[in-house]
Amino acid sequence: MFIFLVIFHLNEGAIVMHEFSVCQALLGQLTHLANQHPGGKIVGILLVNGPLSGVDSTLLHHAVELCKKDTVAAEAVLTIEDRPLSIHCRDCLHDNEVPANDWTCPHCASLATEAVGGDALILARLQLDFP
Ligand SMILES: [Zn+2]
């Protein structure tokens, strides 16, 4: 068993991307990675999804289950972790995790905040099995 760590921003640069488009991008990336590791079978995929990514985790999970048949990921188990939104407060300079619908600084109640994380869908881990 071999654990392969990668970080890819699957939705970087996209304004709006339909889950099936994201799914196609993911499978393209998985095919590329599988070709780099001949003989390995993809058995596990971990995606990390931020609330501002524009991608619905449930819909993406369904899309992958439909699209992965007859691909390098046909037998892979997909896990999608939803991450909270991270904000930076320009008044107290603290970074905090907050609900996506409330950007108020939990430290000082300021509204002078900006998102610093949570806008990406990331292929965080790929698990390959070498029989
Ligand atoms: Zn603050």
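Okay, let's start in the middle of this thing: the largest nonpolar core has 16 residues, and the ones touching the most other members are Val22, Cys23, Ile42, Ile45 and Leu60. By nonpolar core I mean a set of buried Ala, Val, Leu, Ile, Met, Phe, Trp, Tyr and Cys residues joined through C-beta atoms within 7 Å. Buried means 20 or more other C-beta atoms lie within 10 Å of the residue's own; exposed means 12 or fewer, and partly exposed is in between, with C-beta atoms placed from the backbone.

Who supplies this core? At least two residues each come from α1 (19-36), β2 (41-49), α2 (57-67) and β7 (121-129). The largest share, four residues, is from α1. Those names are DSSP runs numbered from the N terminus: helices are H or I with at least four residues, strands are E with at least two.

Quick caution: this is a predicted model, so local features need pLDDT of at least 70 and side-chain atom pairs count only at pLDDT 80 or more, while totals for chains, interfaces and linings use all residues. Numbering runs from 1 along each chain as its sequence is written.

Zooming out, the protein chain has two helices and seven strands, and from the N terminus they go β-α-β-α-β-β-β-β-β. Of its 131 residues, 22% count as buried.

Now look at α1. Its 18 residues reach 26 Å from first C-alpha to last, close to the 26 Å expected at 1.5 Å a residue; that expected span is 1.5 Å times one less than the number of residues. Glu19, Val22, Cys23, Leu26 and Leu30 are buried here. They sit on the same side of α1 because they cover an arc of only 100 degrees around the axis, taking the arc from the directions from the helix axis to the C-beta atoms. On the other side, Gly28, His32, Asn35 and Gln36 are exposed. And what covers the buried residues? The cover includes β2, α2 and β7.

Next, Ala73, in the loop between α2 and β3 (77-82). Why does Ala73 count as buried? Because it has 23 C-beta neighbours inside 10 Å. Leaving out residues up to four places away in sequence, Ala73 touches Leu27, Leu30, Ile42, Ile45 and Lys68, where contact means C-beta atoms, placed from the backbone, within 7 Å. Ala73 is also 7.3 Å from Val43, C-alpha to C-alpha, though they're 30 residues apart in sequence.

Last one: Ile42. With that same exclusion, Ile42 touches Leu30, Ala34, Val72, Ala73, Ala76, Leu126 and Leu128.

Conventions: Contact = placed C-beta atoms within 7 Å.
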